[in-house]
Amino acid sequence: KYGSLLKYQCQKIIKRNLTLNRVNTNIQFFGQESTFHTDGSFGSWTLLIFANPSWNSSWGGEFVVMTEDKEYLYQSFIPNDAVLFPAHLEHMGFAPNVLSKHPRMTIAYTYT
């Protein structure tokens with residue numbers, strides 16, 4: 001249900017019709033580092049939601065995406081915030097650091 005509702009918000013931003021293809025959930029604890037990966041092919045989009053109800057920025061958990069120009073763009077982990085990005089770009093989420101007693105939780109909706 002939420003993936004369909006969010007699809008309409010994404011369509012307003014990118015000005016294209018979208019179809020929900022996949023929903024991924026992720027939970028990372030301290031020490032569970034991610035690796036760079038893609039979520040889809042060219043023309044697909046991912047809406048990544050930072051799902052924690054609260055988060056202290058000193059706990060880490062940043063999101064990073066590599067642009068087509070090979071530049072890294074970082075986004076702090078902000079509770080209940082989201083990032084919309086082309087799914088073919090390599091990206092990863094950093095695990096919480098040793099200061100955090102809480103996991104980093106995200107939900108990713110991938111659309112074509």
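Q: Contact means heavy atoms within 4.5 Å. In this predicted model, which residues is leucine 48 in contact with, leaving aside its neighbours within four places in sequence?

A: Leucine 48 meets that cut-off with Phe63, Asp81, Ala82, Val83, Phe85, Thr106, Ile107 and Ala108.

Q: What makes the residues of the largest nonpolar core a core?

A: Two tests apply: the residues must be buried and nonpolar, and their side-chain atoms must join within 4.5 Å. A set of 11 residues passes: Leu48, Phe50, Trp55, Trp59, Phe63, Val65, Phe77, Val83, Phe85, Leu89 and Ala108. Strand 2 (45-50), strand 3 and strand 5 (82-86) each give at least two residues to this core. A second core of 8 residues is separate, and Cys10, Ile14, Trp45 and Leu47 are among its members.

Q: Why is alanine 108 called buried?

A: Buried means under 20% relative accessible area. Alanine 108 has 8%, so it counts as buried. This residue lies in strand 7.

Q: Which residues is alanine 108 in contact with, leaving aside its neighbours within four places in sequence?

A: They are Arg22, Val23, Asn24, Thr46, Leu47 and Leu48. As for alanine 95, 13 residues away along the chain, its C-alpha atom is 16 Å from that of alanine 108.

Q: How do you know that threonine 106 is buried?

A: Set its value against the cut-off of 20%. Threonine 106 has a relative accessibility of 5%, and therefore counts as buried. Its place is in strand 7 (residues 104-111). Beyond four places in sequence, threonine 106 has contacts with Asn24, Thr25, Asn26, Leu48, Ile49, Phe50, Ala51 and Phe77.

Q: Why is glutamine 28 called buried?

A: Its relative accessible area is 4%. Glutamine 28 sits in strand 1.

Q: What does glutamine 28 touch, not counting residues up to four places away in sequence?

A: Glutamine 28 touches Glu33, Ser34, Gly93, Phe94, Ala95, Pro96, Pro103 and Arg104. Threonine 112 is 84 residues away along the chain, and the two C-alpha atoms are 26 Å apart.

Q: How do you know that strand 3 and strand 6 pair?

A: Pairing takes at least two bridges between two strands. Strand 3 (residues 63-66) and strand 6 have 3 bridges, in the antiparallel sense. That meets the requirement, so they count as a pair. In this pairing, valine 64 faces methionine 92 of strand 6.

Q: What is the order of the strands in the open sheet?

A: The 3 strands run in the order 4-3-6, with antiparallel pairing.

Q: Why is one side of strand 4 and of strand 6 left without a neighbour in the sheet?

A: Strand 4 (72-75) and strand 6 (91-93) are at the edges. Each has a single partner strand, so one side of each has no neighbour in the sheet. From one strand to the next, the twist averages 15°.

Q: What makes a residue part of the lining of a pocket?

A: A lining residue has an atom within 4 Å of a pocket point. For the largest pocket, with a volume of about 220 Å³, 16 residues qualify. Closest to its centre are Asn26, His37, Leu48, His91 and Thr106.

Q: Which strand gives the largest share of the lining of the largest pocket?

A: Strand 1 does, with 4 residues. Strand 1 (20-28), strand 6 and strand 7 each supply at least two lining residues.

How values were computed
Residues numbered from 1 in each chain as written. Predicted model: local features only at pLDDT ≥ 70, side-chain atom pairs only at ≥ 80, totals over all residues. Heavy atoms only, no water. Axes fitted to C-alpha atoms, helices over the stretch in contact; angles between N-to-C directions. Buried < 20%, exposed > 50% of the residue type's maximum accessible area, 1.4 Å probe, protein only. 1 Å grid on protein atoms, 1.4 Å probe; cavity = no way out; pocket = protein on both sides within 12 Å on 5 of 7 lines; lining within 4 Å. Points joined across faces, edges and corners; volume = space filled by probe spheres on them.
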